[in-house]
Amino acid sequence: MEIVEFYFAQLTDIHVGQGLNPQEAAGNLLWALEELESLSPTPKLVLATADLVCAGKASELREYSELVKIFSIPIYALPANHDLWGEPDESAWIDIIGTLCQSVVVNGVDFMLWNETQRDSDGGWIAELRKGQREWLEDEMKMASGKPIIVAQHCPPLPINGDYHDRWHGSNADELLNLFSQYNVLAMVTGHWHRNSEWFAKGVRVINTG
C-alpha cells in the first residue's frame, strides 16, 4: 500500500463532566476541535487517548459524545480509569463510545488503540498487558503486513532504575515493549501525565502529551 504524506492530531485528558471546571473542560474540547477543523489541510484523524471524562459516569460519556459528534474529523477514542470507574464495568463505554480496542488504517499507516489501564484485584487501577490484549495486538500487528504502526494508549512506560514509573510500576511493561520492538512500532502515543515529553523505552519511541 502506498503511504501518502499526512498528519494526525491527539487529544487527551480532557476531563469533561464532574470535575473542578466542567464548563471550562467542555469549552476547551470544543475550542480544540474547532481549531483542528480550521486548519488547511485538516488532520486525517484524531486520537483521543483517554481520561476524556472525569468521574466515569455514563452521563459524562454521553456529554462527551454529544460534544464531538458535530465535527467532521474522525475521532478514535480509548478509555482509562477516569472513563470507567463511575460504572460497574465497561458496558457504558462500549454502548456510548465504542469498542475498547480498535485498529484503523489511514493512508497506509495502521493506528492501534487499546485500553492498558485496567482494574486490578484490589479495586485499584494498573497499566498491564493481559493475555487477551496481547493476542489482539499481536494478531493486528501480523495483519499489518509491514505497514507502519502507531500505537495509542493512556499511560506511558518510563523506565526508572530497572522498573517503570507510575501505573506501569511492577507490571509487565517489558513484555509490551518487546512486542512492539518485534513488530517495529513507529511510536507509542500517550497522555496521563498532563505534560509534554518524548523518550525511548527499550527502543520504542514514546510521545507523551498534555
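## The largest pocket

In this predicted model, 19 residues line the largest pocket, and Thr12, Asp13, Ile14, Ala25 and Asn28 lie nearest its centre. E1 and H1 are the elements that give two or more residues to this lining. H1 supplies the largest share, seven residues. Elements are DSSP runs numbered from the N terminus: helices (H or I) have at least four residues and strands (E) at least two. A pocket is an open set of points on a 1 Å grid over the protein atoms alone, where a 1.4 Å probe fits, with protein on both sides within 12 Å along at least five of seven lines; lining residues have an atom within 4 Å of a point.

The space in the largest pocket is about 390 Å³, a volume being the space filled by probe spheres set on the grid points. Its lining divides into nine nonpolar, eight polar and two charged residues. Here Asp, Glu, Lys and Arg count as charged, Ala, Val, Leu, Ile, Met, Phe, Trp, Tyr, Cys and Pro as nonpolar, and the others, Gly among them, as polar.

## Backbone details in the loops

Asp13 is in the loop between strand E1 (9–11) and H1. Its phi is positive, about 55°, although Asp13 is not a glycine. Asp13 counts as buried because its relative accessibility is 8%; buried means under 20% relative accessible area, exposed over 50%, and partly exposed in between (1.4 Å probe, protein chains only).

Lys202 also has a positive phi, near 50°. Lys202 sits in the loop between strand E12 (197–201) and strand E13 (204–208) and is partly exposed, at 41%. In the loop between helix H1 (22–38) and strand E2 (46–49) is Pro41; the peptide bond from Ser40 to Pro41 is cis, with omega near 0°.

## Helix H5

Helix H5 covers residues 131–143 and reaches 18 Å from its first C-alpha to its last, close to the expected 18 Å. The expected span is 1.5 Å times one less than the number of residues. Gln133, Leu137, Glu138, Glu140 and Met141 are its buried residues. They fall within an arc of 165° seen down the axis, so they line one face of H5. The arc is taken from the directions from the helix axis to the C-beta atoms.

Lys131 and Met143, on the other side of H5, are exposed. The buried residues pack against strands E4, E5, E6 and E8 and helix H6, contact meaning heavy atoms within 4.5 Å. Just after H5, Ser145 has a positive phi of about 50°.

## Notes on the model

Residues are numbered from 1 along each chain as its sequence is written, and side-chain values use heavy atoms, without hydrogens and water. Local features need pLDDT of at least 70 and side-chain atom pairs count only at pLDDT 80 or more, while totals for chains, interfaces and linings use all residues.
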